[in-house]
Structures are given as C-alpha cells and as structure tokens.
Amino acid sequence: MAGSAPAVPPGAPPPPAAAAAEAAPPAARTGRHPWLSVLWSAARTPRGGAGLTMALLVVLVAVAGPAVSPHSPTDLVTLTFAKPSGKFPLGGDFLGRDVLSRVLNGGWLLLLMAVAATAIGIVAGAAAGIAAAYLHGAPDGIIMRTVDVILAFPQLVFALLLLSLLGPKLWLIVLAVGLSHAPAVARVIRSATLDITERDYVKVAELQGMRPVKVMAKEILPNLISPLMVEAGLRLTYSIVIIAGLAFLGFGQPPPTANWGTMINENRIGLQLNPWAVIAPAVLIALLTVGTNTFTDAVARVAIGVDRRPEEAALLDDLGPEQV
Amino acid sequence: MATATAPAEPAAPARNEHPLLLLTTRRLGIGVLTLFVVAAIVFLATEVLPGNAAYAVLGRNANPARLHAMERQLHLNQGLLAQFWTWLSGLLTGKLGTSLANGQPVWGLVEPRLINSAALVIVTGVIGTVIGVTLGAVAALRKDGWFDHISSVAALTVTSLPEFIVAIGLIILFSTVVLHLLPAVSLLPPGVYPWSQPELLILPVATLVIVIVPYIFRMMRAAMIEALESDYVEMARLKGVPEWRIVLGHALPNSIAPTIQVIGLNFLYLAGGVVLVEYVFNYPGIGQGLVFAVDNRDIPVIQFIVVVLAAFYVCVNIGSDVIALLATPRRRIPR
Amino acid sequence: MAGYEQIHADPALSPPADEARLDVRGLEVRLGRTGPDVVSEVSFTVQAGQVLGLVGESGSGKTTVVLALLGHARRGLSISSGEVRVDGVDLLRLPAAQLRAVRGARVAYVPQDPSAALNPALRVGTQLKEAIRVHPGAVEDPRARIREVLQEAQLDATPDLLHRYPHQLSGGQQQRVALAMAFACRPSLIVLDEPTTGLDVSTQRHVLDTIRSLCAAYGVAAVYVSHDLAVVGGLVSDVAVMYSGRIIEVGSTARVFGDPLHPYTRGLLTAVPSPLQATRLTGIDGQPPRPGRRPAGCSFAPRCGFATSECRSQQPEPVLIDARAVRCMRVAQVRESSTGVAAALSHVAAAAGEVPVLSVREVSAGYGRRPVLTGVDLDVPAESCVAVVGESGSGKTTLARCIVGLHGNWTGDIRFEGTSLAASARDRPRQTLRRVQYIFQNPYTSLNPRKTVGQIVAQPLEQYLRLGYRERSQRAAKALEDVSLGADFLSRYPDQLSGGERQRVAIARALVVEPDLLICDEVTSALDVSVQAVIVEQLRGLQAEHRIAMIFITHNLALVRSIAQSVVVLRDGAVVEAGPVGQVLDRPADPYTARLMQDVPKLTRPGLPGPSAQSAAASEPAAP
C-alpha cells in the first residue's frame with residue numbers, strides 16, 4: 001500500500017482513518033538489532049535499494065566534493081554564464097565562478113543542517129509524543145494544545161517568522177526547522193504510543209512497580225523503533241526541502257559561500273545562457289530528496305509488513321476473532 | 001437479550017446532543033482559542049526581540065529620534081497588554097496600521113495579494129482534487145497492474161521533490177531552455193487580477209498541482225484498497241453484487257472520509273506552499289508578500305499575513321473534519 | 001446421511017451423487033498460483049435439508065473451504081483444482097457473470113463477523129434490498145419478501161430497523177440481518193462461517209435456534225463451520241473434521257462424536273470441557289504445521305501417539321470404516337485402544353474455616369460515570385481456586401483489575417491476608433505486588449515483542465527481588481521448565497512462539513516470583529481448545545504443586561468444573577450467585593445462572609454413558 005509513509009505534506013498532521021491503520025505499529029520483528037534488520041531488508045527491496053543508491057550518491061558528492069573541487073568556489077575564474085568547456089565542465093555562474101566547484105562545495109552544509117534539524121525534530125517530537133500518550137491527563141492536554149498551535153503556522157512560515165525576528169543565522173535555521181517538525185512527529189508518536197500503552201506488557205511492567213520513566217524508556221521506546229525510523233526519514237526529506245527552499249529564498253549562508261539552493265535562485269536569470277548552473281544543483285537536491293523519501297517508503301513498507309508473505313495472509317484466514 | 005422475537009436488545013436511547021453540532025461547536029471553540037494564542041505568540045514574538053522591535057527594524061540606521069518615532073508607530077511606548085489590545089482590536093476592525101517599508105496601509109497592501117493567492121489556491125485545489133481522486137481510484141481498482149505500479153512510483157518520486165525544483169523544472173521545460181510556450185514570470189500589474197490573464201496562472205498552478213496530487217492520489221488509493229479488501233466488500237461479492245456496484249456503492253462511500261481529510265490537509269499545505277511558488281514566478285500573492293516583508297522586517301505586514309494563514313488553517317481544519325464526519329455514519333449517528 | 005463415502009479416492013466405489021445438493025470433489029486451494037496447498041483433497045456431499053458441520057481449529061483451512069464453495073478465494077490464494085457442484089452445476093467452471101448470478105441467489109453466505117461484513121456506510125434496509133435487487137426475478141415482491149424473511153429471522157421489519165445503520169444494532173441483531181440477507185433469495189445451499197462466534201451464550205443459543213428453524217423451513221443444504229464442537233454437535237446431522245487442510249474424519253455426528261476414530265478427533269473431543277461434569281482435560285501438545293511446512297507423511301503424525309515411521313513417510317488415504325471415512329493408517333489400532341472419553345475428575349475440598357487469602361467486600365467501580373461493578377463480595381480460601389464467571393460486560397475483568405490495582409477508581413475493601421490493599425498498584429508495597437500475580441487474557445499483547453523470553457521471565461526477579469543476573473537466569477530457566485518449555489526458549493522472541501507457548505511464558509513469569517495469589521483473566525480464550533486443555537491442566541497442576549490460591553476468570557461455564565472448587569457468577573457488575581461449583585452449576589438458585597446453564601452449548605456424545613450419572617459422581621466430592 002502506497003499511502004504508508006509520506007502521505008502527508010510537510011508540516012501537516014497525519015491523516016487519521018485509513019492511513020492511521022496503515023501506520024499502526026508493525027508486527028514484532030525479531031533480532032537483537034531490529035532497526036538494523038529493518039534497514040537491511042528495506043535496502044534489499046528494489047525501491048529501497050534505488051532510493052538508498054540515489055541518496056548515497058549525493059552524499060558522496062557533498063562530502064567528498066570539497067576535496068576534489070578543481071577551483072575555488074568563490075573565485076571569479078571565468079565569464080558570467082560561460083557555456084560549459086573542457087576546463088569548466090559545467091560553465092560559469094552569474095559572477096563567472098566555476099559552477100562545478102560551487103556544486104562540489106555547496107552541499108555538505110545543507111546535509112549537515114538537515115540532519116541536525118531532523119535530530120532536533122525527532123528527539124523533541126518523540127519525547128513530547130511519548131510523554132503525552134503515557135502520562136495522559138494534564139501533560140497530554142498541555143503538550144497537544146501546544147502542538148495544535150504550532151501546527152497552525154505552515155512550516156516554512158514558522159521558520160520565516162523566526163528568521164525575520166532574529167535574523168538569518170544558521171543555527172536559528174536549524175532550530176526553527178527542527179522545532180517546526182516536532183509537532184507533527186509528536187502527533188504520530190503519540191498515537192503509536194497510545195496503541196502500545198494499551199498493550200498488556202506495559203501494564204505488566206506497572207504491576208512490577210516499574211517507574212514511569214523506565215516504563216517509557218524500556219518498554220515503550222523499543223517498540224517505537226519502526227515509526228521513529230519512518231518519521232526520521234520523512235523529516236530528513238522535509239528538512240532538506242525546507243532548508244534548500246530557505247536558501248533559495250535567500251535565507252542561508254551569506255554570499256559568496258556556495259549553496260545548492262542559493263545557486264538555483266542566483267543563476268536562474270541566466271537559464272538561457274548556461275542552464276547547467278541551475279540544473280546541476282537542482283538535480284542534486286532532487287536526487288537527494290527523492291532518494292531519502294524512496295528509501296523511507298521502503299523502510300515503512302518493511303516495518304509495516306506490506307510486503308508480507310502470502311503464507312501469512314493465508315494463515316490469517318482461519319484465525320477466528322478470538323485469535324486477535 | 002430478551003426473547004428471540006422482537007429486536008433482541010433495545011437500542012441505546014439517542015443522546016440529546018447531536019454529535020455533528022457538538023463536534024462543530026467544540027472545534028469552533030478550540031479554533032478560536034488556537035487563533036487567539038497564535039495572535040498572542042505572533043505579537044509577543046516581536047516583544048522578545050533582543051533590544052526592541054524598533055531597534056531591530058532600524059538596525060544600523062537607528063538614532064534616538066528615529067527610534068522614538070518608530071516606537072510610537074509600533075505603539076511600543078504603551079504597556080504590553082495595552083499594546084496587544086491595540087493590535088488585536090486593530091486586527092478585528094481592519095485597522096492594521098501602516099507598512100514600515102513604504103508607509104502604506106497594511107490592508108491596502110495585502111488585500112490584492114490575498115485575492116491573488118486565493119485564486120491560486122482554489123484553482124489548484126479543485127484541479128488537484130479531481131486528478132488525485134480519479135487517479136487514486138483507478139490505481140486501486142487496477143491494484144498491482146502496470147498503471148498502479150507506474151503511478152505509485154511516480155507519486156512517490158514527485159512527493160519528495162521540493163516545490164521550487166518543480167517550478168524551475170517547468171520553467172526550463174516550457175519557458176526558457178526547451179520550449180518557449182509560457183511566461184516564466186507571472187507579474188501582474190496592480191489592479192489586474194489573474195483571471196484576466198489566465199496564461200499567467202498556468203505554471204504556478206501546474207507546479208502546485210504536481211505537488212499536491214500525489215498525496216491525494218496515495219490516500220485515495222490506500223483508502224479505496226482498504227475498502228475493497230474489507231469484509232463488507234467480500235460479503236457484497238458473495239451475495240452477487242456486480243463489480244461496478246461494489247466500487248461505487250460499497251467501497252467509494254467508505255473511502256471518501258479519509259480522503260476528504262487529506263484534501264483538507266493539502267489546502268493547508270498550499271497555504272505554506274504558495275510562498276516559494278509565488279516567489280519563483282514573481283506572482284503577487286501573500287506568499288511573495290511575506291518573503292518581501294521578512295526581507296524588509298516589515299513587522300506589521302508579517303504579523304498580519306501570519307495570522308491570516310493561521311486563520312485559514314483553523315477554518316480548513318474545521319471544515320474538513322465536519323465534512324468527513326458527515327460522510328461517516330458510524331461517527332455521525334450515536335448508537 | 002451426507003455422502004461421506006464420497007471421500008473415498010476411488011470414484012467407482014462411490015454411489016452416484018446425482019441427488020446431492022452440494023457435491024464437492026477433490027477441492028484444492030493453493031497459495032498464489034503454484035504455491036503449497038492450503039487445502040487439498042477435500043470431498044464431501046450434502047443433501048437437501050441437511051446440515052454438515054465443518055469443524056477444525058484455527059489454521060485448519062475450514063474458512064478457505066467454505067469460501068471456495070462460493071467460488072471465492074481470498075487474496076493470495078487460488079482455487080487450483082476440484083469441483084463444487086450445486087444442483088449438478090460446477091461453480092468453479094462458471095464464467096464470472098454466471099458465478100455472480102449464482103452467488104446470493106442459489107448459494108448464500110453468512111459471515112463470521114457481521115459487524116465487519118455489513119457495510120458501515122449503508123443502511124440495513126439498503127443492504128437487504130440490494131441482496132434481492134441484484135438478482136432480478138429471484139423474488140416477485142422485494143418489499144414483502146424483506147418483511148417476511150426478517151420475520152423468519154426473528155426481527156421486526158419496522159421502517160425504523162431498515163433505516164438504521166449496522167452500528168446501531170446489537171451483535172445478535174446484526175447476525176439476524178445477515179441471516180435474513182442470506183435467505184432472502186431462497187437459496188438451495190447456505191454456507192455459515194462461524195456465525196455465532198463472538199455472541200454471548202444466550203444470544204448464541206437464540207441465533208442457533210433461528211438457524212435451525214430457517215434451515216428446516218427452507219429445506220436447504222447447509223454447511224456450518226465452527227471451531228466449537230459443542231455448538232456443532234447440537235445442530236448438524238453430519239460432521240467433517242479438518243486438520244491441516246484435509247478432512248481427516250467424516251461421518252454422522254453420532255458416530256464421530258460418540259466413537260471418534262482419528263487420533264486427532266479423539267484428542268479434540270477429550271479437550272472440550274463439559275459444563276455438566278468435571279473432566280480431566282487432555283489436550284494435544286504441539287501445533288499444526290503451516291502450509292508449505294507440512295511433513296511428507298500424515299500431518300498429524302508429529303503430535304500423534306499412534307504414529308509409526310510409515311505414518312511419517314506416507315500420506316494416509318481415507319479408509320471407510322464403521323460407516324465413515326477416516327484418514328488414518330493406524331485406525332485399526334486406534335479403534336482397539338480405549339475410547340477417547342475424558343476421565344472424570346474429583347477435586348479436593350478446600351480447607352474450610354481458614355482466613356481467606358483474599359477477601360473482597362462491597363467493591364464498586366466504574367469508568368467515568370458509568371458503573372461497572374456494584375457491591376461485589378468475594379473470598380478466596382488458601383490453596384483453592386475460585387472461578388469468576390460472567391458474560392462480556394459483566395465486569396469480571398474490571399474486578400480482576402481492581403484486585404491487582406490496575407483500575408484505581410474503586411470503593412470498598414480488598415484485603416490480602418488481612419491487610420487492606422491500596423486502590424492503585426502504584427501505592428502498594430513492592431512485596432504485595434509480588435505476592436499477587438496477574439495473567440492477562442491475550443498472550444499476543446502481554447509479552448513485549450522486543451524482549452527475549454529469558455528477559456521477560458527474569459524481569460520480575462529484577463523488579464521485585466533485585467536479584468543478580470546469574471540468579472535471575474537460573475530461576476527463569478527453572479520457571480520455564482515448570483511450564484514444559486526448554487532452555488532453548490530463553491533466547492527466543494515472543495513472535496517465534498505459538499499462542500499456547502506465549503501463554504506458558506506468561507504463566508512462568510507470574511510463578512517465578514512465588515506468589516500467593518494468582519489471578520488468571522480469561523487466559524485461554526485466545527487459544528484453540530486443544531491448547532486450552534493443556535494450559536488448564538498445567539495451571540491446575542502448578543497451583544497444587546506451589547500451593548497457591550487462584551482466581552480463574554472465564555466466560556466459559558464449561559471450564560469452571562475442570563479447574564475450580566467454588567464459583568462466583570457475575571451479571572451486570574453484581575454477584576448473582578456464589579458457592580461450591582457442584583451446588584451452583586447443578587442446582588442454580590438464581591434464574592440467571594439457570595439460564596446460562598441451559599443455554600451453554602453442551603457436547604452431546606451419544607453412545608457414551610449419560611452425563612447425568614457421571615456428573616453426580618464427579619460433583620459429589622467437590623462439595624465441602
């Protein structure tokens with residue numbers, strides 16, 4: 001079923017009903033490192049493999065790029081919007097800088113910021129979601145009303161608002177994007193946790209006198225690995241989209257530093273002259289987001305067991321309602 | 001269970017409160033409260049700035065005289081509560097103050113942009129919904145066929161593309177590098193509305209449609225498949241109901257409610273999505289207005305646009321919830 | 001007589017089955033198109049006016065078989081060969097349009113769970129009308145027919161009822177609507193797939209009565225699927241027992257239930273508890289093999305006491321013996337051995353006069369403003385077992401949760417060894433928590449899927465007793481041994497275990513800390529009857545061995561005799577009757593208990609000594 005992973009636009013709350021049913025915590029998976037086995041199974045599906053390859057390719061360009069860059073990304077070495085040539089395979093940009101060198105240097109910070117923003121969003125969102133679901137009552141009310149309020153700001157607008165007030169600082173971009181993820185993550189994790197809290201093994205731990213913090217950490221968290229992995233992939237994709245978008249709007253590293261998002265905006269006036277100055281960074285961003293999202297979708301499918309073996313489907317046939 | 005004859009169990013007496021009314025009023029109440037908190041946050045955010053707003057706006061150009069004038073303009077010389085009240089009542093009565101960037105009234109600046117953005121969002125929403133629902137239903141009916149596979153992979157790919165990349169791609173394809181069919185920018189002179197120059201809408205609408213269709217498609221497909229694999233559809237097959245009737249009469253009514261909520265979410269997404277797309281195409285809507293205002297630190301304009309977007313969010317949320325409820329008898333009618 | 005002879009492989013030996021309403025031959029259903037078979041070599045016939053019972057435990061393939069009777073296979077399955085002839089027409093060879101015309105008109109289906117099988121978005125009347133309208137010409141006056149058939153299904157065809165949505169009906173009403181829908185077009189064959197599972201015993205009895213009268217009135221041939229042998233026994237004339245995708249014994253109900261010949265049928269019958277007499281339940285250890293992992297020989301051989309090397313290497317063909325067909329090579333030996341009759345059981349009377357381990361006084365509880373329990377009293381004497389019986393919604397689980405402190409919102413007094421217990425488990429001392437252990441109903445949710453069996457069983461030792469790692473592992477291994485699980489289970493994860501094994505792990509986890517009171521909440525309701533018998537016997541043995549007191553909560557009146565000395569009957573949150581098992585069940589003083597005893601399905605096994613004589617003998621020593 002397709003609607004599994006990213007059935008929701010960035011920043012939107014998860015759709016209820018059918019999608020929620022699909023996102024239900026998966027059947028248990030065995031192994032000492034269930035997350036590794038899920039990632040591994042996902043990488044071995046055709047889609048997951050393709051997604052992972054795409055994403056890793058871009059990561060390679062971004063990480064190894066600065067080391068192999070033929071020119072300085074900020075020096076004016078050629079003509080404005082020069083056509084590609086032997087010395088400058090992707091031509092020149094709007095100031096006459098080498099596009100290839102700028103492409104090779106313009107990715108690593110985007111990646112780093114996206115990963116950091118994702119980490120902030122997942123940690124904050126998961127902590128809020130688990131606490132809201134397990135502690136219920138007043139903490140739940142307070143957390144979820146806060147979530148409602150933050151969700152009323154579109155993600156990009158939330159980031160823009162913060163940036164407009166405090167100035168376009170990089171750490172602020174990371175923090176703003178991370179925090180804007182948190183409410184959506186909190187909603188997903190809360191509903192997954194609610195489901196787990198209903199499981200009897202949580203009650204068993206309570207009857208054994210386990211403290212709430214330990215119950216959340218030892219009994220609930222390990223069962224949230226699959227939804228957390230899916231959320232992390234999803235939020236990473238959205239982080240890249242938003243941070244690149246902010247850079248495109250001019251809220252990124254200050255010039256003349258190279259940045260894929262900024263490059264697209266500053267070179268689009270020369271699309272007729274040297275389209276590669278736009279196409280190269282655009283393709284890299286596209287490959288990265290499509291790659292991460294496709295791999296996330298594969299993870300979600302494996303975790304939910306969509307590609308369940310038909311054998312199990314047949315066995316479910318004869319299980320009466322008492323076999324829940 | 002009394003006797004074998006007669007309805008075995010008496011149905012529970014209907015509650016006095018009608019669930020629909022109850023939910024709507026509850027949602028409205030929470031919505032108004034959310035909006036109030038949003039307004040308070042937007043307002044307070046300008047207050048917790050390092051230094052104060054006037055200083056932040058003026059930056060290096062600050063001198064005591066200009067600071068003082070700016071403080072008066074932003075009502076910073078009043079108490080915090082009084083300031084909030086002045087601003088909130090202005091918001092409700094349409095007295096929104098003047099732009100810091102060019103001294104014009106905020107409402108006069110934002111109103112035409114609101115209309116332009118509304119046109120963009122509505123046209124996109126309608127076209128996207130029709131395409132998404134149709135493709136989703138077809139893919140579900142042909143589950144695991146070639147159309148389903150191709151459209152699912154395409155949907156997955158497109159979902160993850162940033163909207164400005166889609167926009168740039170369309171510009172490369174249709175306006176600059178490959179073909180020269182459509183305008184690359186959608187500049188509208190003041191006083192001219194998009195419906196008088198519909199060709200300007202084509203690329204912005206196409207971009208947003210491409211971005212939202214996959215979500216609606218995937219939800220419709222998933223909901224339809226869930227319905228088609230349900231016990232009640234199996235039961236309908238086993239009582240000899242023709243296939244077309246199963247799809248239209250049994251599966252469709254049950255897949256509409258979840259899809260409506262996703263359509264609502266996509267309208268919400270559009271509220272944020274217009275920012276980048278309007279900026280790319282130079283389309284004079286509130287998204288572009290917001291980017292300009294943020295560039296200029298035009299605080300009254302930022303505040304107003306953010307509150308308008310939040311209000312839109314709250315209204316769409318309530319609307320889609322109510323419609324989804326109407327489409328679900330199980331939730332609409334108490335036991 | 002159903003033509004059980006048809007099962008014989010050689011068609012020359014079979015009498016012509018022209019007059020049979022339903023004639024199934026060599027039916028085979030596979031996983032995918034070419035995968036392993038889920039169901040194979042299924043053959044039987046049913047005459048007009050007869051009901052064939054198809055019984056088997058979960059995974060036996062019975063639902064797959066009956067869906068194939070309508071030419072339908074679920075996703076991932078396909079009907080690969082065989083014939084399903086209804087009035088001589090082979091449904092499996094019909095083109096799609098004709099098959100559709102047959103479904104609902106000539107062959108009708110009654111689903112297992114009507115709450116899922118009725119479309120939640122359509123009104124009841126719309127769905128009934130549709131069943132008739134899609135078969136033009138089947139009924140002259142649809143409106144009148146709906147009224148008539150609803151009446152026959154014991155429902156009033158008021159406009160109000162037709163105007164309702166399924167969720168506005170009770171479970172019994174929903175099933176009656178499904179029955180009316182099935183009979184609407186006057187079919188010649190009706191397929192009932194566990195239609196009373198999930199209904200309370202009284203509702204179940206009424207629905208069964210309705211089914212019986214409808215089948216008789218219409219003279220249809222019917223196939224009734226059930227996992228509950230007691231339900232089938234009172235309804236059907238012939239019975240086919242399924243195991244691992246094959247029919248292993250088929251014949252008249254009297255013969256099959258009275259003198260079972262297949263070792264599996266015997267095991268199944270001795271596993272069924274009786275509400276009339278206390279029996280020692282003998283279950284069948286192990287679990288049936290999954291499709292694709294079935295052994296080369298007889299599928300039952302790994303669990304069979306009669307199995308020889310021949311059984312393990314060769315598929316048994318059906319043998320005609322004693323007017324029935326049995327798929328067993330050792331049937332002659334089985335026949336010579338003693339009949340599969342459950343041994344009667346006598347309980348040691350509870351020591352009277354002692355201070356009860358647990359005493360519950362005037363306990364009332366509720367969820368929000370809705371009261372669930374009102375003034376419940378209960379005593380559990382040391383080393384004895386008290387059964388708490390009630391239908392769904394009677395508050396029995398809430399009572400258990402109040403006792404263990406999971407439901408904190410109650411009033412009254414619960415004393416454990418004379419000391420009042422705090423309302424919530426949070427406020428109880430650790431040692432009290434340890435001494436009162438609770439086993440949950442559903443072993444599929446009571447074990448954390450991310451922990452190994454060893455970690456699960458050792459966890460309470462860490463929480464309650466702060467024992468070191470080595471000590472914990474030793475005790476965990478010992479506790480698993482007590483429930484007949486070997487040391488190799490220590491490192492397994494719950495999803496590698498069967499339902500019965502999971503519940504044994506849960507029992508080990510409760511007993512490892514040496515509690516004084518064990519509360520078992522419907523611990524066998526998620527299990528097959530053959531596994532239930534094993535678990536119940538094990539619990540009884542462990543209770544005696546560890547000399548602990550036990551509260552056994554169940555909706556199954558029949559189980560009470562096999563495990564408890566005294567019983568408390570709950571209804572709508574109040575105790576209607578309490579006392580020694582023999583007294584309450586044999587001479588119920590309360591009309592509600594009497595009705596339950598009357599409505600509970602009883603496995604009648606003709607040919608055996610009457611249950612009345614045995615029950616008197618068995619219940620006598622139980623009285624204190």
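Tutor: We start with a term. A helix here is a DSSP run of H or I with at least four residues, and helices are numbered from the N terminus. Keep in mind that the model is predicted.

Student: What span does H7 of chain A reach from its first C-alpha to its last?
Tutor: The helix has twelve residues. At 1.5 Å a residue, 16 Å is expected. The model comes close to that, with 17 Å.

Student: How many residues of H7(A) are buried?
Tutor: A residue counts as buried if 20 or more other C-beta atoms lie within 10 Å of its own. Among those of H7(A) that pass are A:Gln155, A:Phe158 and A:Ser164. H7(A) is largely enclosed by the rest of the structure, because the buried residues number ten of the twelve.

Student: Is A:Leu104 buried or exposed?
Tutor: A:Leu104 sits in helix H4 of chain A, residues 99–105. Beyond four places in sequence, its contacts are A:Val61, A:Gly65, A:Pro66, A:Val68 and A:Ser69. It has 24 C-beta neighbours inside 10 Å, so A:Leu104 counts as buried.

Student: How far apart in space are A:Leu104 and A:Ala62, C-alpha to C-alpha?
Tutor: In sequence, 42 residues separate the two. In space, C-alpha to C-alpha, A:Leu104 and A:Ala62 are apart by 6.1 Å.

Student: What percentage of contacts in chain A, between residues at least 6 apart in sequence, join residues at least 24 apart?
Tutor: Chain A has 14 helices and zero strands. Buried residues make up 59% of its 324 residues. For contacts between residues at least 6 apart, the share joining residues at least 24 apart is 71%.

Student: Which helix gives the most to the side of chain B that touches chain A?
Tutor: The contact takes 52 residues from chain B and 49 from chain A. Helices of chain B that each supply at least two residues include H1 (19–47), H8 (199–228) and H10 (243–281). The side of chain B divides into 38 nonpolar, ten polar and four charged residues. With 13 residues, the one giving the most is H10(B).

Student: Among the elements of chain B, which has the lowest mean pLDDT?
Tutor: Chain B averages a pLDDT of 79, and 85% of its residues score at least 70. Helix H9 (231–238) of chain B has the highest mean among the elements, 91. Residues 1–16 of chain B fall below 50. Among the elements, the lowest mean, 58, belongs to helix H2 (53–58) of chain B.

Student: Which strands of chain C stand at the edges, each with a single partner strand?
Tutor: Six strands of chain C form an open, mixed sheet in the order E20-E21-E22-E17-E23-E24. The twist averages 15° from one strand to the next. Each edge strand has a single partner, so one side of each lacks a neighbour in the sheet: these are E20 and E24.

Student: In E22(C), what is the bridge partner of C:Val388?
Tutor: E17 (385–389) and E22 (549–554) of chain C run parallel, joined by five bridges. Helix H14 (396–404) of chain C packs on the sheet, touching E17 and E22 among others. Within E22(C), the bridge partner of C:Val388 is C:Ile553.

Key
Residues numbered from 1 in each chain as written. Chains lettered and ligands numbered in written order. Predicted model: local features only at pLDDT ≥ 70, side-chain atom pairs only at ≥ 80, totals over all residues. Contact = placed C-beta atoms within 7 Å. Nonpolar A, V, L, I, M, F, W, Y, C, P; charged D, E, K, R; others polar. Expected span 1.5 Å × (residues − 1). Pairing = 2+ DSSP bridges. Axes fitted to C-alpha atoms, helices over the stretch in contact; angles between N-to-C directions. pLDDT = per-residue confidence, 0-100.
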